[in-house]
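The following report describes contacts, an annotated site and nonpolar cores in the model shown below.

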Amino acid sequence: MAVLDILKLPDPRLKEVSQEVERFDDELLAFIDDLEETRQAGPAAVGIAAPQVGRLQRIVIIDCSTTRKPVPNHGRLVLVNPEITEWDGFELGREGCLSVPDYTGNVIRAERIKMHALTPEGEPREFEMEGYEARALQHEVDHLDGMLFIDRLVSRRTDLFQRKVYQKGGKKRK
Amino acid sequence: MKWQMLTLVGEDQPGIVAQVTDALFRGGYTLGEASMLRLGGNFTIMMMVDGGQSEQALSACIAPVAEKLGLRLHLDPIHGGLHQHRVPNFQVRVNGADRAGIVAQVTGLLAESGFNILELDSDVVGSQDDPVYIMTIQGYTEATIETLETALGRLEADEIDVHVSAIETLIG
């Protein structure tokens, strides 16, 4: 096992589209171990994608089981060739990235998603995710498509933001 | 690096940012963090400028373009520099019929909870006859969300709608 080097902006490899995994072998499992060790070595990352360490293959790890305030989650997931099939709702949230040090910003993501992927052994799996976990998966799948959260930043004054103020305020009022 | 905070304020018109930053670029200056915003028909710039030479030199560089664009100019030498971001862990949203004292009341209660404001945006919207005040605050405090909610709950009697939420910044 080894902690791998994280590619950082403006490394052009972060903008590339990753390839599907076709070989499910011991080498893949060993790489996934290294990827997980790398995720845990950094500053509290809930997810990591293979291209962040320079391997342009569609592999991500997410783990939303250790947030300060518990959120709905499926524990630690290693997802190979993940594909989001349904998006529902939208929500603003703050994101940062191991590949973009010293910066955080607001990004709109779908609130709920349906997705399928393969396990590291090549077995198909399907998941429905919501909230923070759905956000984490969308952030990581973006990496596989050569997108970073800074490509999706929205203004602090975005219209969506202000409408949500009214909605939540309205519900709370007694 | 010796940073200066450059403040420019004046009536909004197209091309302000381009002309100001072009003058700074030609003068050999480097820009750091900046906030540029239209407020009440004015355009406002607060921008960190690496003033390698003297305050006078930077002032002389920017004064002609400021004068041409009708911008008032202010310079302050500052301590600190880049890479000092702090990540907020709470967001407070406020809205209510506009009246004097909303900001003072809300931020006073936050300050009592040890809340350090990192960003504050506010706007008066609605109509001339029925103005509505909207404010969003992001900041950092060690206090719990329950403590903040209890503190801000005192504003309910004043018909100010306040909503606090934790910001769990996702690092991925």
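## Surroundings of A:His143

In this predicted model, A:His143 touches A:Glu16, A:Ala49, A:Pro51, A:Gln52, A:Cys97, A:Leu148 and B:Gly172, not counting residues up to four places away in sequence; contact means heavy atoms within 4.5 Å. A:His143 belongs to helix 2 (residues 131-144) of chain A. Helices (H or I, at least four residues) and strands (E, at least two) are DSSP runs, numbered from the N terminus. At 2% relative accessibility, A:His143 counts as buried, a term that means under 20% relative accessible area (1.4 Å probe, protein chains only).

## Annotated site

An unreviewed UniProt entry lists A:Cys97, A:His139 and A:His143 under "binding site". These residues span 47 residues in sequence, yet no two of their C-alpha atoms are more than 10.4 Å apart, so they gather at one spot. Such annotations may be inferred rather than shown by experiment.

A:Cys97 lies in strand 4 (residues 91-97) of chain A and is buried, at 5% relative accessibility. Its contacts beyond four places in sequence include A:His139, A:His143, B:Ile171 and B:Gly172.

## Nonpolar cores

A nonpolar core is a set of buried Ala, Val, Leu, Ile, Met, Phe, Trp, Tyr and Cys residues joined through side-chain atoms within 4.5 Å. The largest has 21 residues, and A:Leu79 and A:Leu137 are among those with the most contacts inside it. Helix 2 of chain A gives the most to this core, with six residues.

## Conventions

Residues are numbered from 1 along each chain as its sequence is written, and chains are lettered from A and ligands numbered from 1 in the order in which they are written. Local features need pLDDT of at least 70, side-chain atom pairs count only at pLDDT 80 or more, and totals for chains, interfaces and linings use all residues, while side-chain values use heavy atoms, with hydrogens and water left out.

Notes
Buried means under 20% relative accessible area, exposed over 50%, partly exposed in between (1.4 Å probe, protein chains only).
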